[in-house]
Amino acid sequence: FPEEDSLSALVCGSKSPLPHPSRAETCVMIKAGEETFIFDVGNKSIDNLRNWRVPLNQLNGIFISHLHSDHISELNEFHLNTWIPGRRSEKLKVYGPDGVQMLTDGIELAYTKDFIFRNEHHGDTIAPLNVAGFNAHTVDLSNPVLIDNGSLKITAYSVTHDPVDPALGFRIDYKGRSISISGDTTYDENLIKNSNNVD
């Protein structure tokens, strides 16, 4: 990633769910100035980031385009690698379509004992229980602006990915630069509209 104050993207995974010996499933990392976000968390994507020595200790949130397995399968790995050793000051923010709360609740339930055991072994300095887990935000397309702090704006929009409904795309605007991420979609006028004139 560039060191200057800019907007950049790193594709950490781009394959479909079909097996491939070296490629990771869907994942895009966005850096906007000092803030870092992940869009979709497919299988092996975190391995790429580790191998490329991309720091995950400043991850500001994860955005899920839809709930197919190749877009969500590494969510717990991203949770673990931003939680240990006490890197996060709050629960991991996850933005996604209807069903994202069910997803994060399910992971928290499945890993309840893991959270407890790691805390008992490492203590609150390394594995604080108060920030274990997720803070899920279900995207409401009637209020699509998810983040707007003056310099950074992240907006969700719907895309066509039948029979998946809802499926989301995201537009990121930062200091005059822009990126649009579609998730999976067929030809879609809404994608075209929200991607018009992006960098």
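Predicted model: local features only at pLDDT ≥ 70, side-chain atom pairs only at ≥ 80, totals over all residues.
1. Six strands, in the order β1-β2-β3-β4-β5-β6, make up an open sheet whose pairing is mixed. On average, and with direction ignored, neighbouring strands are turned by 20° against each other.

2. Helix α4 against the sheet. Helix α4, which covers residues 100–110, packs on the sheet and touches β5 and β6. The direction of this helix makes about 165° with that of β6.

3. Two pairs of strands. By contrast, β3 and β4 run parallel and are joined by 4 bridges, and here the bridge partner of phenylalanine 37 is glycine 61 in β4. A reader may want to follow both pairs in the structure, since strands can pair either parallel or antiparallel.

4. Covered elements. Strand β4 is mostly covered, with 4 of its 5 residues buried. Helix α3 (residues 75–83) is also mostly covered, as 7 of its 9 residues are buried; these are Leu75, Asn76, Phe78, His79, Asn81, Thr82 and Trp83.

5. Glutamate 25. This residue is placed in the loop between β1 and β2. Is glutamate 25 buried or exposed? Its relative accessible area is 8%, which is under the 20% limit, so glutamate 25 counts as buried. Leaving aside neighbours within four places in sequence, glutamate 25 is in contact with a list of residues that includes Cys12, Gly13, Ser14 and Lys15, and also Gly42, Asn43, Ser69 and Asp70.

6. Lysine 44. The loop between β3 and α1 (45–51) holds lysine 44. With a relative accessible area of 32%, which falls between the limits of 20% and 50%, this lysine is partly exposed. Residues up to four places away in sequence not being counted, lysine 44 touches His20, Pro21, Arg23, Ala24 and Glu74.

7. Serine 178. Strand β10 (residues 177–181) contains serine 178, which is buried, with a relative accessible area of 5%. Apart from residues up to four places away in sequence, serine 178 touches Leu7, Arg171, Ile172, Asp173, Asn197, Val198 and Asp199.

8. The largest pocket. About 250 Å³ of space lies in the largest pocket, which is lined by 17 residues, and Leu59, Asn60, Arg88, Glu90 and Lys93 are the closest of these to its centre. Which elements give two or more residues to the lining of this pocket? They are β3 (35–39), β4 (59–63) and β5 (92–96), and the largest share, 3 residues, comes from β5. By type, the residues of the lining divide into 6 nonpolar, 5 polar and 6 charged.

How values were computed. Residues numbered from 1 in each chain as written. Heavy atoms only, no water. 1 Å grid on protein atoms, 1.4 Å probe; cavity = no way out; pocket = protein on both sides within 12 Å on 5 of 7 lines; lining within 4 Å. Points joined across faces, edges and corners; volume = space filled by probe spheres on them. Nonpolar A, V, L, I, M, F, W, Y, C, P; charged D, E, K, R; others polar. Pairing = 2+ DSSP bridges. Axes fitted to C-alpha atoms, helices over the stretch in contact; angles between N-to-C directions. Contact = heavy atoms within 4.5 Å. Buried < 20%, exposed > 50% of the residue type's maximum accessible area, 1.4 Å probe, protein only.
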